[in-house]
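User: I would like to learn how to read a structure file feature by feature. Please give me the general idea each time, and then the case at hand.

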Amino acid sequence: MEKKDIFAQIHELETHMGDLHQELGALKLVVKELLEENQRLWMENQQLRKVLHHEHHEHLEALPETEGESAPAADDPELFNEAKENVVGEGYDNLARLYHEGFHICNVYYGHLRTEGDCLFCLSFLNK
Ligand SMILES: [Zn+2]
């Protein structure tokens, strides 16, 4: 094989690799966008489920009581606070989970995929 042929081949390979590299980069971007969209849809779904659940409960509460069971008084401040804390705790867990799945939960990049390891904004938010 002549020297010239080898260099021509290497050059061809190089060009090919450059193209592949570009294609890979573009694909990576597409995957990132899909993951972010998936996350947005998941969050929206969660929100809708919450609303649906809430409405379902309101509907149940509107029904006349059976079996004489005493339902907790809605105006009991202790019960109300407990329920509120549960909701807050749940929200925190969801955010922590999101973060560990690789998404930003800080208000700077909220919902975007974390591509560069830990985010200081997110961490300071989690440690509050
Ligand atoms: Zn962040």
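This is a predicted model: local features need pLDDT of at least 70, side-chain atom pairs count only at pLDDT 80 or more; totals for chains, interfaces and linings use all residues.

User: Which secondary structure elements does the protein have?

Analyst: Helices (H or I, at least four residues) and strands (E, at least two) are DSSP runs, numbered from the N terminus. The protein has three helices and zero strands, in the order α-α-α from the N terminus. Helix H1 covers residues 3-62, while H2 covers 77-100 and H3 covers 120-126.

User: What percentage of the residues is buried?

Analyst: A residue is buried under 20% relative accessible area, exposed over 50% and partly exposed in between (1.4 Å probe, protein chains only). Of the 128 residues in the protein, 14% are buried.

User: Which residues coordinate the zinc ion?

Analyst: Donors are N, O and S atoms within 2.8 Å of the metal (3.2 Å for Na, K and Ca); water is not among the atoms, so sites may look incomplete. In this model the donors are His104 through ND1 and Cys106, Cys119 and Cys122 through SG, at 2.1 to 2.3 Å. Along the sequence their spacing is H-x1-C-x12-C-x2-C. His104 sits in the loop between H2 and H3, and Cys122 in helix H3, so this pair ties together parts that are 18 residues apart in sequence.

User: Why is the arrangement called tetrahedral?

Analyst: Four donors count as tetrahedral if all angles lie between 85 and 135 degrees. The angles around this zinc ion are 103 to 118 degrees, which makes the arrangement tetrahedral.

User: What does UniProt list for "binding site"?

Analyst: UniProt positions are given in the numbering used here, with shortened feature names, and annotations may be inferred rather than shown by experiment. The unreviewed entry lists His104, Cys106, Cys119 and Cys122. These span 19 residues in sequence, yet no two of their C-alpha atoms are more than 8.4 Å apart, so they gather at one spot.

User: Are His104 and Cys122 buried or exposed, and what is Cys122 in contact with?

Analyst: Both are buried: His104 has a relative accessible area of 10% and Cys122 one of 0%. Contact means heavy atoms within 4.5 Å. Leaving aside neighbours within four places in sequence, Cys122 is in contact with Tyr99, His104, Ile105 and Cys106.

User: How many salt bridges does a search of the whole structure find?

Analyst: Side chains of opposite charge can pair when their charged atoms come close. The criterion is a side-chain nitrogen of Lys or Arg within 4 Å of a carboxyl oxygen of Asp or Glu. The search finds three. Glu36 pairs with Lys32 at 3.3 Å between the closest N and O atoms; both lie in helix H1, four residues apart, about one turn of the helix. Glu101 pairs with Arg97 at 2.5 Å, and Asp118 with Arg114 at 3.7 Å. In that last pair, Asp118 is exposed at 57% relative accessible area, whereas Arg114 is buried at 17%.

Note on methods: Residues are numbered from 1 along each chain as its sequence is written. Side-chain values use heavy atoms; hydrogens and water are left out. Four donors count as tetrahedral if all angles lie between 85 and 135 degrees; four count as square planar and six as octahedral if opposite donors are over 155 degrees apart and all others between 65 and 115; anything else is irregular.
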